[in-house]
Amino acid sequence: MAKFNRYLITAALPYANGPVHIGHLAGCYLPADIYVRYLRAKKADVKFVCGTDEHGVPITIKAMKEGVSPQDVVDKYHKIIGDSFAAMGISFDIFARTSAPIHHQTSQDFFLKMYNDGLFEEKESEQFFDPEKEMFLADRYIIGTCPNCGNDKAYGDQCERCGRTLSPDELINPHSALSNAPLVKKKTKHWYMPLQNYEPWLKEYIIDGHKEWKNNVYGQCKSWLDSGLQSRAMTRDSNWGIKVPLPDAEGKVLYVWFDAPIGYISATKELTDNWADYWCKDDTKLVHFIGKDNIVFHCIIFPAMLKAHGGFVLPDNVPANEFLNIEGEKVSTSRNWAVWVNDYIEDFPDQQDVLRYVLCATAPETKDNDFTWKDFQDRNNSELVAVFGNFVNRAMVLMHKLCGGKVPPLHPEFMNDGDTEILKEFGLAKEKIETSLETYRFREALSEVIEFARKGNQYLQKNEPWILASVLEKLKSGEQHAKYPQYEEKDIAFLQGRIDICLHIALQMTANLAIFSHPFLPFTAKKICHMLKVVDRMLDWENAGSDKLVNVGYSLRPPELLFKQVENEQVTAQVEKLHAGLKQAMDAAAAAAPAVEEAPPAPAKPEIQYDDFAKLDLRVGTILQAEKVAKADKLLKLLVDIGTEQRTVVSGIAMHFNPEDIVGKQVTLVANLAPRKMRGIESQGMILMAEDKGKLVFVNPAEAITPGSGVS
């Protein structure tokens, strides 16, 4: 295994066109922070960099909507986003900006190095141009008539009425959203990176060299590489962004996905003069934390850029998470279906660790997961309050009540097998948590932390020091305890010893809980340190698993509750707030949208005879595999099990479904349709689909049935 002398950890640069929501936190920022806090506890040389991505179409669209300049937009949201991260304890070493001069210079230098090395292709293409504004238009700035439903207010990338994904060339009578002027096609020159030239190297780097990557990351990379890479434009026409540093490039900027990952480099430059140690030395471990929508950029395009430029280390791992839904629905910022981090901080003051805990416990590490306010309440009340907080509080209260507020001695002569076993758990817990953290299994690591607290509660319950104290009090007054008459005056030293042992071990467990929980619950860990009157360096990982963290005879502070109950009224209010935000967004959209008539259902087709229908062989099949067809945006290649055999079917549904989301789904297949070649692939049937306002839906049985079952 490679030995690394320093770590460079990055978290995806959020667009500075709106606040961050809990899906962002769960996707990459919280996992990255957990990992970094663990590395720091191990005294590793680590830098944690991030910043706002302040270029690209989303920024300019937001500026148009708000009637301000793009710079005004990014200034506003850089602060909101940065404040939200800081409040949640996301401990970046730097939170930079891609609008900063150092980033512009770094990106331009990177581009020029590749340009001077002859690594770009210059190509001319025709793109839509607004003659009044004298500018090329991004897809979202183009309006025309939808060829599917006839909506004359469709955008160049999507029709809002029928939901169909579009390209500007498909629109009828396209015109500018900025000036309403008819558009013309105009030639423009751009610089392309021939990614296909890096395919062999990428296959060696990823497919052969990083089989340990998460399945979702490895699988998506393999799918892209198997489909074949193509040249990709690294520049575009715009007046907002980093200017292309060439004499014949007026009005052209670097493509946002070229400059954005270079933001990690420029942020490190801004952070430290020794930035090259973290980017250019082979003993640096570079890890990108991202969401699944950024996999191709961080695993294929950016590594190819780094390889082409030369002199940089490559990502050792890219532990991307899937998406977090909210109350069973996908997060939608346009529909305001989101839990905004700045709102949470206001509604739940001093409860950052509760959200950190819930988002880690339900993190979408291997598949999309769902956040609900009821689950938030249940996990807080039944795990944080009833297990973690309860154990720490019991240990502290009993120590003050039974040991005079001081750490009691251990009394080895009175220890039993149960004490020995629980002390062994210290080291075992450290090993399990450490192994999980090293392999980016943060949910698993957190569950071990809670399990350690649960074992602490069980240990207290089994030894019952409060009962022993009652027996001891009786004996000291010359009486016997009715429930435990076997104890006599000669047992006073033993009973006091057992009380001391139990609470000594419980306090050492409490100190270990502070260390174990610190990467996940930093605010809680600091509260525990305050109660134990220990300095923050106790949280160093080398102390984890020790049974000598608090000294005998040391006076401790009074206990304070670590967590509080989340009440039903709070949950109800949050759910209502979600729906109110959705309604407000929908009302605003309806008010802004032009009045359009609902598209009528398609007219019935001509009448056929029963014998015509009887010729169809309709069968239920199960999708076993799904992948994109190379160089075909709309096609998926499916492998469908129809009982007697497995069929290859090419279906034009790629704009509506992700390949990984439909594996295992049952469909209805026209099994006796003559084979037809599509993009060189022989399609052996047709999948039946229903269409509702441009949205495609599978026609399938209500419950799973045997593949090959007939449909009649």
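**Group meeting: a walk through the predicted model**

Start with helix α9: a kink of about 30° lies at F302, shortly before the proline P303. The bend at a residue is the angle between axes fitted to the seven residues ending there and the seven starting there. Helices are DSSP runs of H or I with at least four residues, strands are E runs of at least two, and both are numbered from the N terminus.

Ground rules next. This is a predicted model, where local features need pLDDT of at least 70 and side-chain atom pairs count only at pLDDT 80 or more, while totals for chains, interfaces and linings use all residues. Residues are numbered from 1 along each chain as its sequence is written, and side-chain values use heavy atoms, with hydrogens and water left out.

Back to α9. How far apart are its end C-alpha atoms? They are 20 Å apart. The expected span is 1.5 Å times one less than the number of residues. Is α9 enclosed or open? Of its 15 residues, 14 are buried, so the rest of the structure largely encloses this helix. Buried means under 20% relative accessible area, exposed means over 50%, and partly exposed is in between, with a 1.4 Å probe and protein chains only. Just after α9, G310 takes a positive phi of about 85°.

Now the strands. Two strands pair if DSSP finds at least two bridges between them. β1, residues 6-11, and β2 run parallel, joined by 4 bridges. Y7 stands opposite V46 in β2. On to β3, residues 94-97: β2 pairs with β3 in the parallel sense, again over 4 bridges. There, C50 stands opposite F95. β2 itself, residues 46-52, is mostly covered, with 6 of its 7 residues buried.

Handedness. β1, helix α1 (residues 22-41) and β2 make a right-handed β-α-β unit. The convention: with the strands pointing away from the viewer, the path from the first strand over the helix to the second runs clockwise.

Another sheet. It is open, has 3 strands in the order β7-β6-β8, and its pairing is antiparallel. β7 (154-155) and β8 (172-176) stand at the edges with a single partner strand each, so one side of each has no neighbour in the sheet. β6, residues 142-145, pairs with β7 over 2 bridges. In that pairing, G144 stands opposite A154.

Cysteines. How many disulfides are there? With a disulfide defined as a pair of cysteine sulfur atoms within 2.5 Å, the count comes to 0. C146 is buried at 2% relative accessible area. C149 is buried too, at 18%.

T106 is found in helix α4, residues 101-116. T106 is buried, with a relative accessible area of 7%. Contact means heavy atoms within 4.5 Å. Leaving aside neighbours within four places in sequence, T106 is in contact with I262, I265, S266 and K269. T106 and H656 are 550 residues apart in sequence and 38 Å apart in space, C-alpha to C-alpha.

Then F520. Where does F520 lie? In the loop between α16 (492-517) and α17 (522-532). F520 is buried, at 1% relative accessible area. Not counting residues up to four places away in sequence, F520 touches several residues, among them I34, D353, R356 and C360. F520 and F110 are 410 residues apart along the chain, with their C-alpha atoms separated by 37 Å.
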